[in-house]
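Subject: Structure for you, with notes

Hi,

Here is the structure I promised. Please open it alongside this email, and my notes follow below.

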Amino acid sequence: MGKGCDERAGAEALSFGGGVASLAFNFLAAISCIFVNRQLLKPPVSFKYPVTLTLVGYASSVLGLVVCRQIGMLPPSRGHKKALSGLSTAETVPLVLTTALAPVLANYSLLLNSVGVYQLSKVLVTLAIVCFERLRGGTSLSPERAACLIVVSLGVTIVTVSDVSINLLGLAVALVNVAVAGYYKVDWAHTCRSHRLQSLELMAVVMPPATLLLAVLALVVEGSELLSYEMHRRTVVLLALCGVTAFFTSWSGYVVISKLSALTHQLL
């Protein structure tokens, strides 16, 4: 199984042209996704439903995985199950929960906080990743990487400190997001490497139940308000773009996390 998994993982990395290309692709996809999400969340569209917004992206990702399987980028179901036979429920459940909650919390943080607070929380996610990597695998930063991390963090702090306005709810959401996002990125990388899985394979396991969880959460938290929202053509177009950009952001991001590191992805 190891050889087959390694070949699939290598093929996935090559589909993005290697590490540098996957970083560049994820950067462009993430910027596009953030831009579309902000267009949806802010006036005049004012689609202020972060859970539903995340659900749209995840449902699109599940659809994208079906397409990937049809064109041969994912192994057939039988081979897929064999490759994932080593995954335990104790490993899968935390991944499903954190994968579902992390983008919801990020969207709420984006909605409730100023850009400065949102960017500063991303700096804290970086520090959380360092801590979780230390706790999970005993990985510590080299002096060179630590110095680079300090410089980048200080740079982001200096650039964004003038746009910081704090409210208690937004701050609470941002801090919870720091812990959840840091944990799930490290856990994803560890799971891919320890089981020699490509990102699409793990996405095929995690995304469907995470999407169902988000559907229930969206119904409970935003259902009544969503029914009263007046949908326009612009909103529909933006939601479609949100789905497309979310799939490519997730896929390329997970490739970066599993093939490079959670820290590299966060610094991007």
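UniProt, in an unreviewed entry, places the feature "transmembrane region" at residues 12-37, 49-71, 83-105, 168-188, 200-221 and 236-257. Bear in mind that this is a predicted model.

I looked at two of those segments in the model. Residues 168-188 are 100% helix and 0% strand, with the end C-alpha atoms 30 Å apart. Residues 236-257 are also 100% helix and 0% strand. Their end C-alpha atoms are 31 Å apart.

Helix α9 needs a closer look. The helix covers residues 199-227, which is 29 residues. A straight helix would reach 42 Å at 1.5 Å a residue, but the end C-alpha atoms of α9 are only 35 Å apart. Where does α9 bend? The bend is at Val-221, and it is about 60°.

Next, the cysteines. A search of the whole structure finds 0 disulfides. Is Cys-68 buried or exposed? Its relative accessibility is 5%, so Cys-68 counts as buried, the cut-off being under 20%. Cys-131 is at 46%, so it counts as partly exposed.

Now the aromatics. The count comes to 9 aromatic pairs. One of them joins Phe-247 and Phe-248. Their ring centres are 5.2 Å apart and their planes are at 65°. Planes over 60 degrees apart count as edge-to-face, so this pair is edge-to-face.

These two neighbours sit in different surroundings, as the accessibility values show. Phe-247 counts as buried because its relative accessibility is 8%. Phe-248 has a relative accessible area of 32%, so it is partly exposed.

Phe-247 has another partner. It forms an aromatic pair with Trp-251. The rings are 5.9 Å centre to centre, with 35° between the planes, and the pair is tilted. Both residues lie in helix α10, residues 233-259. They are 4 residues apart, about one turn of the helix. An α-helix has 3.6 residues a turn, so residues three or four places apart point the same way. Trp-251 is buried too, with a relative accessible area of 8%.

Which residues make up the aromatic cluster here? Phe-25, Phe-247, Phe-248 and Trp-251 form one cluster.

Then go to the cluster of Phe-25, Phe-247, Phe-248 and Trp-251.

Best wishes

Conventions
Residues numbered from 1 in each chain as written. Predicted model: local features only at pLDDT ≥ 70, side-chain atom pairs only at ≥ 80, totals over all residues. Heavy atoms only, no water. UniProt positions renumbered as here; feature names shortened; annotations may be inferred. Helix = DSSP H or I, 4+ residues; strand = E, 2+ residues; numbered from the N terminus. Disulfide = S-S within 2.5 Å. Buried < 20%, exposed > 50% of the residue type's maximum accessible area, 1.4 Å probe, protein only. Phe/Tyr/Trp six-rings, centres within 6.5 Å; stacked < 30°, edge-to-face > 60°. Expected span 1.5 Å × (residues − 1). Bend = angle between axes of the 7 residues up to and from the residue.
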